[in-house]
Amino acid sequence: MADASRVVLGLGGCVDYELKLTAGVLEELVAEYGLVAAELTSPAAVTSERDLLVSILGYVARGAGGEHFVASAPALSAFANRFPHRETLGGTSVRAGILMSRLGVPSTLHLVSVNDTFRRLLPADSEYTNSGSGDTFYPHLIVQYDKSLRVRANDIDIVAPFPNRLIYVNDPANSTMLLTDDLGDRLGRAEVFLISGFNAMRDEAELDERLVSLKEHMRRLPPGAVTYFEDAAYHEPAFSRRVREALLPEIDVYGMNEDELQSYLGRPVDLLSAEDVADALTAVHRLIPVPTLVLHTKYWALALGPGEYAGALDNGTLMAATRYCHGDDFTDEDVERLRRQPRRPESVAFAAALRARMGEAVDCVPGFELDVQNPTTVGLGDTFVGGFLAELALKGHR
């Protein structure tokens, strides 16, 4: 069996309640709460089920994805219980680890919370270390919706232009993000280290303490180990910069999706315009001057910077597309069938135009042409990261 100590994935994980939005339930809630169209602006804080509904409908209208802290844990449970839902494991590091296990790359997870559900669902070849004392259970609400979902009630009439997913969280363990004492020892044997999860923290002093502690642990990483940082939506937006400034000198590869890119720039980016994307990459790379910047989107994935990452980009794209089509229950045959699928023509044209504009500084892999009635939109970025890191680990990338 491969050695799980070669890949360390952190920093937190959770149990997810996954559900798919349906128009009937949403329309009943709009009527129940007397919601009107003028109220569909992003609430400053989600303190009730009504606020949660307002937030969700605002995203659906835009076809956007996002992640938020919810001040009321009961609001999460109340909303989840209105829909059929299933329990899965979540957190970027955990979903990446589950995918890597499927690909024959076991890992060690750094966790802040475990419970019987977590232990039952974790792959048998995954090791873990946990900073929490005793079992804790703080489920995250993961909301999926399909393209063309239409909600009509009162004076509200909205249609989702794209499928997407939303994450709502009230999780003291992940917001505290304690690190284990043995993290440095584990990093001393690692070839790949994934950092994610600081976006859930809510206390500035605690965040600064964790960043200092993490950097101390990371001093044990062997020369040549690859440190991959995956960005996310911060519950406290100002913390994003604090994390970047503390960790940038330690990061080899910095990953993000199109939502995070556009958030940094404060403007929409035409993801099929080589000119617009080149300008966006230049601007965000000035803000985040890492050796390699990875951007994964619904149309393509790219790496800006030195290094041979085309294979990792392709594997991440393939595995995310497989999840989009088949969810958790994909087979090796599904992967091989998808590998032979044509790429999106507009994405192929974009990749060629971007290479012509930016030269060998950028590798861009076009996404697949997919037409799926009920796609899975949860965990696609996490699955991309798992596919990307699996390829690095299998190739012994140093």
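Close-up 1. Arg355 counts as partly exposed, at 36% relative accessibility. In this predicted model, Arg355 pairs with Asp363 in a salt bridge. Their closest N and O atoms are 3.0 Å apart.

**Close-up 2. A network of linked salt bridges.** Some salt bridges share partners. Here they join Asp16, Glu18, Arg86, Arg95, Arg323, Asp328 and Asp382 into one network. The whole structure holds 30 salt bridges.

**Close-up 3. Asp135 meets Arg119.** The two side chains form a salt bridge, with an N to O distance of 2.4 Å. Asp135 sits in the loop between strand S6 (127-130) and strand S7 (140-145), and Arg119 belongs to helix H5 (residues 116-121), so the contact ties together parts that are 16 residues apart in sequence. Asp135 is partly exposed, at 45% relative accessibility. Arg119 is also partly exposed, with a relative accessible area of 35%.

**Close-up 4. Arg242 and Asp208 link two helices.** A salt bridge joins Arg242 to Asp208. The closest N and O atoms of this pair lie 2.7 Å apart. Arg242 is in helix H9 (residues 239-247) and Asp208 is in helix H8 (residues 204-218), so the bridge ties together parts that are 34 residues apart in sequence. Arg242 is partly exposed, at 30% relative accessibility. Asp208 has a relative accessible area of 28% and is partly exposed too.

Technical notes:
Residues numbered from 1 in each chain as written. Predicted model: local features only at pLDDT ≥ 70, side-chain atom pairs only at ≥ 80, totals over all residues. Heavy atoms only, no water. Salt bridge = Lys/Arg side-chain N within 4 Å of Asp/Glu carboxyl O. Helix = DSSP H or I, 4+ residues; strand = E, 2+ residues; numbered from the N terminus. Buried < 20%, exposed > 50% of the residue type's maximum accessible area, 1.4 Å probe, protein only.
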